[in-house]
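Welcome, and thanks for taking a look at this one.

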Amino acid sequence: MPHPSLTGEELATQPADWRTAASLAAEAGAALPRRGERVAVVGCGTPWFMAQSYAALREAGGHGETDAFAASEFPYHRRYDRVVAISRSGTTTEVLDLLGRIDTPSTAITGDVSQPIAAAADRLVDLGFADERSVVQTRFATTALALLRAHLEVEGARPAGVGTVAAAAEDAERALAERLPAELVACEQFTFLGAGWTNGLAQEAGLKMREAALAWTEAYPAMEYRHGPISITAPGRAVWGFGALPEGLAEQVDGVGGRLVADSGPGGIDPLADLVRVHRLAIAVAESRGLDPDKPRNLTRSVILA
């Protein structure tokens with residue numbers, strides 16, 4: 001399948017990248033959170049949403065108390081046993097500032113170990129094989145989450161109901177091969193929903209559509225959908241759920257004329273593979289609107305503040 005955009009070429013490598021990350025999970029374990037540690041995971045933008053997903057997975061698997069923060073909002077008054085920073089570029093100002101202020105043991109997961117983050121963190125996990133030239137993050141972020149999921153598997157802390165990374169990679173291959181419905185590409189608005197670890201995926205899906213396609217998107221915990229967001233659902237607008245939907249929600253979306261996408265519930269594809277479908281949708285919507293997904297408006301690959 002041809003990928004005319006650089007972003008499209010890079011996102012298509014995700015199944016292979018996840019498998020590579022899974023193979024590194026045991027080796028990288030010395031740098032990753034240990035069972036029972038109280039951990040804070042930080043990032044900016046997309047890495048922050050991956051941090052949210054990992055935090056929920058780790059706690060659900062009984063591996064240890066875990067919080068996720070945007071790096072700029074880190075609560076310095078709290079005590080943690082370890083801080084994990086996710087940064088593709090290794091140059092993001094807020095992440096470097098945070099690592100420079102704390103004396104807590106720190107680990108950085110990065111796509112470029114030649115950058116300042118290498119000196120700022122106590123330990124490094126090198127995901128250079130999943131680094132990107134694209135401004136819009138796809139494979140690095142999902143590969144970081146795949147690594148952290150695989151480490152939970154190695155530690156015997158995979159939450160009930162959450163599949164293996166190997167199975168997720170297989171699902172992602174199918175997600176890359178399937179046809180995107182033209183009616184979905186033509187939707188004027190998208191609301192993404194998640195719960196538990198998939199709430200971070202829903203937030204990331206909304207961000208990806210905004211970045212690449214300038215699309216009108218919303219993202220909420222699934223149970224919050226009825227507390228306001230349902231008001232914008234209408235014909236020509238989509239509601240995309242990651243994981244199981246609350247009882248009755250599908251009927252409510254149908255009742256107001258919305259298009260429901262809910263393929264990653266029980267028995268469906270892995271929610272992380274479902275995010276790959278959103279990556280493809282973001283490119284398709286961008287191109288249908290005459291936009292170049294490789295050149296998102298007002299964005300740079302890394303935010304470096306003066």
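Predicted model: local features only at pLDDT ≥ 70, side-chain atom pairs only at ≥ 80, totals over all residues.

G61 sits in the loop that joins α3 (46-60) to β2 (66-70); helices (H or I, at least four residues) and strands (E, at least two) are DSSP runs, numbered from the N terminus. Residues are numbered from 1 along each chain as its sequence is written, and side-chain values use heavy atoms, with hydrogens and water left out.

**Around G61**

- Leaving aside residues up to four places away in sequence, G61 touches A157 and P159, where contact means heavy atoms within 4.5 Å.
- G61 and G267 are 206 residues apart along the chain, and their C-alpha atoms are separated by 20 Å.

**The second largest pocket**

- The second largest pocket has a volume of about 240 Å³.
- On a 1 Å grid over the protein atoms alone, a pocket is an open set of points with protein on both sides within 12 Å along at least five of seven lines, and lining residues have an atom within 4 Å of a point.
- The volume is the space filled by probe spheres set on the points, which are joined across faces, edges and corners.
- Helix α7 (residues 165-177) gives the most to the lining of this pocket, with three residues.
- By class, the lining has nine nonpolar, nine polar and two charged residues (Ala, Val, Leu, Ile, Met, Phe, Trp, Tyr, Cys and Pro count as nonpolar, Asp, Glu, Lys and Arg as charged, and the others, Gly among them, as polar).

**α7 with α11**

- α7 and helix α11 (residues 271-288) pack at an angle of about 25 degrees, with their axes 8 Å apart; axes are lines fitted to C-alpha atoms over the stretch in contact, and angles run from 0 to 180 degrees between N-to-C directions.
- The two helices are therefore roughly parallel to each other (angles under 35 degrees).
- A168, D171, A172, A175 and L176 in α7 meet A273, V276, R277 and R280 in α11.
- The residues of this contact divide into six nonpolar, no polar and three charged.

**α7 with α2**

- Helix α2 (residues 14-28) packs on α7 at an angle of about 170 degrees, with the axes 8 Å apart.
- That makes α2 roughly antiparallel to α7 (angles over 145 degrees).
- P15, W18, R19 and A22 in α2 meet α7 residues including V165, A168 and L176.

Definitions and conventions. 1 Å grid on protein atoms, 1.4 Å probe; cavity = no way out; pocket = protein on both sides within 12 Å on 5 of 7 lines; lining within 4 Å. Parallel < 35°, antiparallel > 145°, perpendicular 65-115°, else oblique.
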